[in-house]
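Keep the sequence and the model open while reading.

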Amino acid sequence: MLGPVDARELGITLAHDHVLMDGSFMYVDPPADDDQHMADETITLQNRGWVAYHWTSNHHNVQLDSEALAVSELQRFVNAGGRTVVDPTNVGLGRDPAPLVRIAEATGAHILMGAGYYLGGTHPSGMADRSPDSITAEIVADIELGVDGTDVKAGLIGEIGCSYPWLPNEKKSLRAAVAAQLETGAPLMVHPGRDPLSPVEIAQIVDEEGGDLTRTIICHIDRTCIDRAWLADMAATGCYLEYDLFGNESSWYPPNPSVDMPSDAERMDVVLWHFEQGSEGQVLLSHDIATKHRLHQYGGLGYDHLITNVAPRLLRRGLTEADVATLIVDNPQRIYAFAP
Ligand SMILES: [Zn+2]
């Protein structure tokens, strides 16, 4: 099932994972001259370590392009007790509703499909000439009528791409998305730039435009900033904070070498801190799978990692079953339901 669903039916939910995606925008050549041939190899046991480390430098890796593979990988999530995947693949990331419908039907998973525009580098030509109102109207139509001439409706606005510094037209795209949030009651998910100032400026823009920060998700918090004072300030805005890179256990983060990617253990420390602070109701968890190396088929931990591996570790650290349900059932149900 796609599009807006009865929130009571969401069950265990991945707040941000891509099922099918064209990630060619993130490809960069291998850093070492001697490794250029690695870019065109398919993933094998022999090169899997290299690909996992340099995951943006292999053409095969940056495509989630197999419907059959998506079915078998998502089936493991469903078999583990999972129910819903929020797939914020939108314009610029190769969003395609028809295969998502088939994958949802084959697996029994709910898939919520995204809307709106990703990062400026993936905007179609002509974006500079678009009026904000025309972008808003496009997003509203995706939600209320269906995407790309189908009757398959988007279930959220996002992930709206914001770079830091901002690229041309990204603020316009965000402002248009906020207007669509106001018109439809859909949740708004924003991909921030890789700087702690980016989510701060995003929250300011959402607020300026009259948007609802309590209906807004800032994704990729774990690779942006986990300083506790900053997190407390962000939580105070009312927005949801999404730790969506669980299962990414390499501290080397190719898209931003100045940031050390936290481990799952560090992510869990932050989650426990939110419980201490009383802000656990604003926390969302996911894996942001967007490349092949994260899938079981290619040596990754798959869409079931949160259920299979992380939830038991959170219990071992002292959370109750109800606490874990707050994170992966109750919070997604609240934010991914449409506002009345
Ligand atoms: Zn993103």
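Asn169 counts as partly exposed, at 23% relative accessibility. Buried means under 20% relative accessible area, exposed over 50%, and partly exposed in between (1.4 Å probe, protein chains only). The model is predicted: local features need pLDDT of at least 70, side-chain atom pairs count only at pLDDT 80 or more, and totals for chains, interfaces and linings use all residues. Residues are numbered from 1 along each chain as its sequence is written, and side-chain values use heavy atoms, with hydrogens and water left out.

Most residues other than glycine have a negative phi, and most peptide bonds are trans. The points below concern exceptions.

**Positive phi**
- Asn169 is not a glycine, yet its phi is positive, near 75°.
- Asn169 sits in the loop between strand 6 and helix 5. Helices (H or I, at least four residues) and strands (E, at least two) are DSSP runs, numbered from the N terminus.
- His220 also has a positive phi without being glycine, with a value near 55°.
- The loop between strand 8 (216-218) and helix 7 (221-224) holds His220.
- His220 counts as buried, at 3% relative accessibility.

**Cis peptide bonds**
- Gly158 and Glu159 are joined by a cis peptide bond, with omega near 0°.
- Glu159 belongs to strand 6, residues 157-161.
- The bond from Tyr164 to Pro165 is cis, with omega about -5°.
- Pro165 is found in the loop between strand 6 and helix 5 (170-184).
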